[in-house]
Each structure stands twice: as structure tokens, then as C-alpha cells.
Amino acid sequence: MAYNISETSGDSTGGVSTGFDAWTFDVALSDAVVRGDFDEDRDQDGISDGEASSYRFSALSTNQYGTLSFNTSTGKFTFTINQAAVIASGSSQTVEFTITGTRGFNSDADRVVINIAICVLRGTGIDTAQGRVPVEDLKVGDRVRTLDSGLQPIRWLGSRRLTRRDLDRAPELRPVRLAAGALGTQCPDDALVVSPQHRVLVTGWRAELHFGVSEVLVPAKSLVNDLDITTAHDLDDVEYFHVLFDHHEIMLTNGAPTESFFPGDYVMDALDQPVRDELAALFPALFSDPDRFGPAARASVKVTEAAVLRHEVY
């Protein structure tokens with residue numbers, strides 16, 4: 001007899017549990033909560049069958065990444081993800097606990113494994129008219145704070161998800177992680193993960209010394225120093241978000257100035273065809289007359305040119 005989510009054969013013999021059934025939940029960081037119910041209704045008739053009289057939940061394997069609440073009578077549980085803690089850890093996390101159902105002399109112990117996948121830019125805060133908003137919660141029309149043009153409405157949002165297989169095939173697409181303060185005091189104010197070609201704004205004497213301007217846009221990959229700016233080899237599932245305005249803008253992501261989507265030739269060619277078709281329908285001028293979009297918000301440098309900054313920006 002078993003008391004678990006999807007089957008009732010169990011793993012107990014004569015009231016003695018002989019092992020664990022493992023129940024795995026794979027969730028994105030943005031899901032916030034994970035719910036389960038071990039009080040099973042096999043026939044979907046509204047009447048539980050094969051259920052235990054009581055349930056016992058173990059402690060979490062770690063309390064760092066969320067909290068567990070449960071009902072020992074029904075077997076229902078809710079795991080609430082501590083999103084800030086997972087983001088601060090900079091990598092995906094796994095949390096486990098066991099649940100044991102008992103009915104008479106029979107008992108069954110099952111292991112619950114919750115894999116929390118941290119996706120690139122999910123959870124990254126974008127400064128808007130309503131305050132800081134996670135990028136995945138932004139909508140077309142939302143007004144975002146920009147350095148040059150004040151509040152600007154979002155015209156288009158896009159995203160691209162890459163699996164472990166995608167990243168293994170194209171390791172040059174692996175994201176870059178900037179630790180808090182990597183670009184200066186409180187810049188960013190929390191760990192920031194971006195695509196390798198995403199450009200961040202470098203300001204002050206470093207830009208003046210090397211490039212003769214006070215501010216310059218630099219591809220994130222060119223700043224990797226294996227100290228506080230690193231390639232995120234630990235991420236196996238990533239999602240890159242694009243935020244497009246009427247013109248190229250500098251916005252604040254986790255407190256750091258980075259660029260908005262800029263439809264240059266290289267970027268447009270890298271997009272999947274369905275995304276290109278969507279942009280062509282919304283902004284035909286991007287393809288018929290790309291110059292109408294206007295210039296980049298700042299002077300930009302190539303990866304090889306920006307390499308001189310690797311040990312100076314932090």
C-alpha cells in the first residue's frame with residue numbers, strides 16, 4: 001500500500017518501507033511555489049482511495065532556498081521558493097524532503113526532490129515607473145526608466161530559451177555573471193546574469209583612459225576576469241530577454257546600466273525566423289530602412305578592444 005502522488009503499488013512490505021519512490025519537481029525560479037498532494041484519488045471521483053491515515057514530513061535538506069508548509073492529515077504540501085536567495089546563489093538549486101504515509105501497520109516513505117532552475121535574467125529587476133519589476137513580468141506599454149529619455153514605453157518584448165544541449169553545442173552563448181559591485185559601488189546592487197554579447201555601460205576614468213570618452217558600451221563577455229565577472233558554466237537552462245523601445249536606450253538592470261535591444265545587423269541575423277517575422281510585422285522599417293531606428297545610445301567597443309578593462313572595472 002502506498003500513499004503518493006501517481007501510483008499505489010508502493011514500496012513497503014509487511015509495514016516496513018523497503019526504499020523510496022522519488023518524486024521530482026522541475027520548476028523555474030519564477031514559479032515561486034511548488035505544490036503537491038499525497039492524498040491520492042486514483043479514480044478521479046472525488047473520493048480519496050489508498051490514502052494514509054496520517055503523514056509525516058521530514059525537515060528540508062536546506063532551509064536556505066525556501067520554506068515548507070504541509071498538512072499531516074491530507075498529505076498536501078507547499079514549498080515556497082526564496083527567490084532572492086536562489087538568485088544570490090548564482091546557480092540552480094535542489095531541495096529535498098521525505099514524506100511518510102501510515103495506515104494501520106503499513107507505511108510508505110517517498111522522497112520529494114525539487115529542482116529550482118535559475119534562468120538568465122528571470123528575476124532580474126528592471127527600474128520602471130512602478131519601481132523595480134522582474135523582467136519576465138514586464139508588458140508591452142510599461143514605462144521603463146532610461147538614462148537619456150526618462151520613462152519610455154516598451155514597444156516589444158521577446159525571449160529565447162536555451163537548453164543544456166543548446167549550450168553544449170554553442171558554448172559561446174553561455175551567460176556571463178556579474179557579481180554585486182563588479183562595475184563599481186552597488187553596481188550592480190545584486191548579482192546580474194546577461195548574455196555574453198549584451199552590452200553594459202562602463203563609465204568614468206577607465207572609459208576615458210582607454211577609449212577617450214566618458215561612457216562606453218562594452219560586451220559582457222569582454223569583461224570576464226574569473227573573479228567577480230565570470231562565465232556561468234553552472235547554468236544548464238537559460239532564457240535571454242529582449243526589451244525594445246522606440247530607440248536604443250540605457251536601462252537599469254539590478255541597478256547596473258545596460259543596453260536595451262538594438263536591432264543591428266548582427267543581432268537581427270541571430271534571431272529565429274518567427275521572431276524576425278514578428279518584428280517585421282510590428283516594425284517594418286527595421287528591415288526596409290534600419291537607419292531609421294537611430295544610432296546606438298553610446299559609443300561601443302569590440303570584445304578584443306575591451307579586454308583591457310578586465311582587471312580594472314571592479
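Guide: A residue is called buried under 20% relative accessible area, exposed over 50% and partly exposed in between, with a 1.4 Å probe and protein chains only. By that rule Asp142 is buried, at a relative accessible area of 18%. This is a predicted model, in which local features need pLDDT of at least 70 and side-chain atom pairs count only at pLDDT 80 or more, while totals for chains, interfaces and linings use all residues. Residues are numbered from 1 along each chain as its sequence is written, and side-chain values use heavy atoms, with hydrogens and water left out.

Asp142 belongs to the loop that joins strand 11 (131-134) to strand 12 (143-146); strands are DSSP runs (E, at least two residues; helices are H or I, at least four), numbered from the N terminus. A polar atom of the Asp142 side chain lies 2.9 Å from the backbone nitrogen of Lys139. Apart from neighbours within four places in sequence, Asp142 is in contact (heavy atoms within 4.5 Å) with Asp137, Gln152, Pro153 and Ile154.

For comparison, let us turn to the aromatic residues. The structure holds 5 aromatic pairs, counted where ring centres of Phe, Tyr or Trp (its six-membered ring) lie within 6.5 Å; planes under 30 degrees apart are stacked, over 60 edge-to-face and the rest tilted. One of them, Phe57 with Phe70, is stacked, at 4.3 Å centre to centre and 15° between the planes. This pair links distant parts of the chain, 13 residues apart: Phe57 sits in strand 5 (residues 54-57) and Phe70 in strand 6 (residues 66-70). Phe57 is buried, with a relative accessible area of 10%, whereas Phe70 is partly exposed at 40%. Ring pairs also join Phe57 and Phe70 with Phe77 and Phe97 in a cluster.

Strand 4 (residues 33-37) runs antiparallel to strand 7 (residues 76-81), with 5 bridges between them; strands pair if DSSP finds at least two bridges. Val34 stands opposite Phe79 of strand 7. In a regular strand the side chains alternate between the two faces of the sheet. On strand 4, Val34 and Gly36 make up the covered face, and Val33, Arg35 and Asp37 the uncovered one.

Elsewhere, 3 strands form an open antiparallel sheet in the order 16-15-19. Strand 16 (192-194) and strand 19 (229-231) are at the edges, each with a single partner strand, so one side of each has no neighbour in the sheet. Strand 15 (residues 176-178) meets strand 16 over 3 bridges, where Val176 has Val194 as its bridge partner.

Methods. Polar contact = N/O pair within 3.5 Å; in protein donor to acceptor, adjacent residues only side chain to side chain.
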